[in-house]
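User: Please go through the terms used for this structure and set each value against its definition.

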Amino acid sequence: MLERHVFALFYSDCDQMRPQQEFSIDDPILYHRCIHVLRLVMQSRVIFFSQVRHCVVSVLRVAKKELVLFVISVHENRLLKPSIILALPVLKGADFSDAVGFATQAGVSQIQLLYTERSQKLKNNEVELARLKRTVIAAAEQAKHFAFPSIVPPIHVADLFDLYQSSVGSIARCDGLFGWQVGSLLHPNGEQSVVCVVGPEADFTEEEYKQFSEKNYTPLSLGPTIFRSSVAACVMIAIVRSLVKT
């Protein structure tokens, strides 16, 4: 078991790493983070990870503009069960980044962006998706959620049902009780994936709620108060995740 204070950094090249291997880092941004932000010194340990695997490494030498490290061990990332897909409407401003970051920390498996009748629209898909990926990676570093979620470009509500028809669905609302409803969604071994849906700031329309009902999406209450969409996403994922031992 690793010590809690071991830092984790995203490093895509760790997919090619092998145990007992020496390697050096001369990327100025990563070097700066290791030396001036994390303040790594000789024999310090750090975790490098990609979406597929993570490596425990130790600092061998610190040179000017170069860091030499040694790979102690290599591990395949563990996929959390059940697989939780968050259907997240495009939100305004910082709420959008917050929702993505919070959901990543809570252990979501995939983030499917969603267009609803009342949601925002992405102005530039490529730029926005790149920005959200950076948010995901930062949250994954903090949470050590190494198998971090991918972000899928926006689809409309009607397409959600066809794309994820083999998954169990749930939708956050503010009425009723959630305990037995969430429990009834989940396979005992966590093998069935769950689609969790939260509404946009202005909520779903009645017609959209009708569509979810017709597709047997289970309404889940998050309590007697009303959350912001970004907070509701995190709370919902955390509740579902906590009910199954992963």
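This is a predicted model: local features need pLDDT of at least 70, side-chain atom pairs count only at pLDDT 80 or more; totals for chains, interfaces and linings use all residues.

Analyst: Residues are numbered from 1 along each chain as its sequence is written, and side-chain values use heavy atoms, with hydrogens and water left out.

User: Why is the contact of glutamate 141 with arginine 33 called a salt bridge?

Analyst: A salt bridge requires a side-chain nitrogen of Lys or Arg within 4 Å of a carboxyl oxygen of Asp or Glu. The closest N and O atoms of glutamate 141 and arginine 33 are 2.8 Å apart, so the pair qualifies. Glutamate 141 belongs to helix H3 (residues 125-143) and arginine 33 to helix H1 (residues 28-37), with 108 residues separating the two. Helices (H or I, at least four residues) and strands (E, at least two) are DSSP runs, numbered from the N terminus.

User: Which other pairs pass, glutamate 76 with arginine 53 and aspartate 95 with arginine 228 being the ones to check?

Analyst: Glutamate 76 and arginine 53 have their closest N and O atoms 3.1 Å apart, and form a salt bridge. This pair links strand E5 to strand E4 across 23 residues. For aspartate 95 and arginine 228 the corresponding distance is 2.6 Å, again a salt bridge. Aspartate 95 is in helix H2, whereas arginine 228 is in the loop between strand E11 (218-221) and helix H7 (229-242), 133 residues away. The count by this rule is four salt bridges.

User: How do you know whether aspartate 95 and arginine 228 are buried or exposed?

Analyst: Buried means under 20% relative accessible area, exposed over 50%, and partly exposed in between (1.4 Å probe, protein chains only). Aspartate 95 has 14% and is therefore buried. Arginine 228 has 54% and is therefore exposed.

User: What are the classes of glutamate 141, arginine 33 and arginine 53?

Analyst: Glutamate 141 has a relative accessibility of 11%, so it counts as buried. Arginine 33, with 29%, is partly exposed. Arginine 53 has 15%, so it is buried.

User: What makes E3 and E4 a pair of strands?

Analyst: Two strands pair if DSSP finds at least two bridges between them. Strand E3 (residues 45-49) and strand E4 (residues 53-63) are joined by five bridges and run antiparallel, so they pair. Valine 46 faces valine 57 in E4, and a hairpin of three residues joins E3 to E4. E4 also pairs with strand E5 (residues 66-76), antiparallel, over 10 bridges. Here valine 59 stands opposite leucine 69 in E5. The hairpin of E4 and E5 has two residues between the strands, and lysine 65 in this hairpin takes a positive phi near 65 degrees.

User: Why are E1 and E2 called edge strands?

Analyst: The open sheet has five strands in the order E1-E3-E4-E5-E2, with mixed pairing. Strand E1 (7-10) and strand E2 (22-25) each pair on one side only, and are the edge strands.

User: What types of residue make up the lining of the second largest pocket?

Analyst: The lining of the second largest pocket divides into five nonpolar residues (Ala, Val, Leu, Ile, Met, Phe, Trp, Tyr, Cys and Pro), three charged (Asp, Glu, Lys and Arg) and six polar (the others, Gly among them). Helix H2 (residues 93-106) gives the largest share of this lining, three residues.
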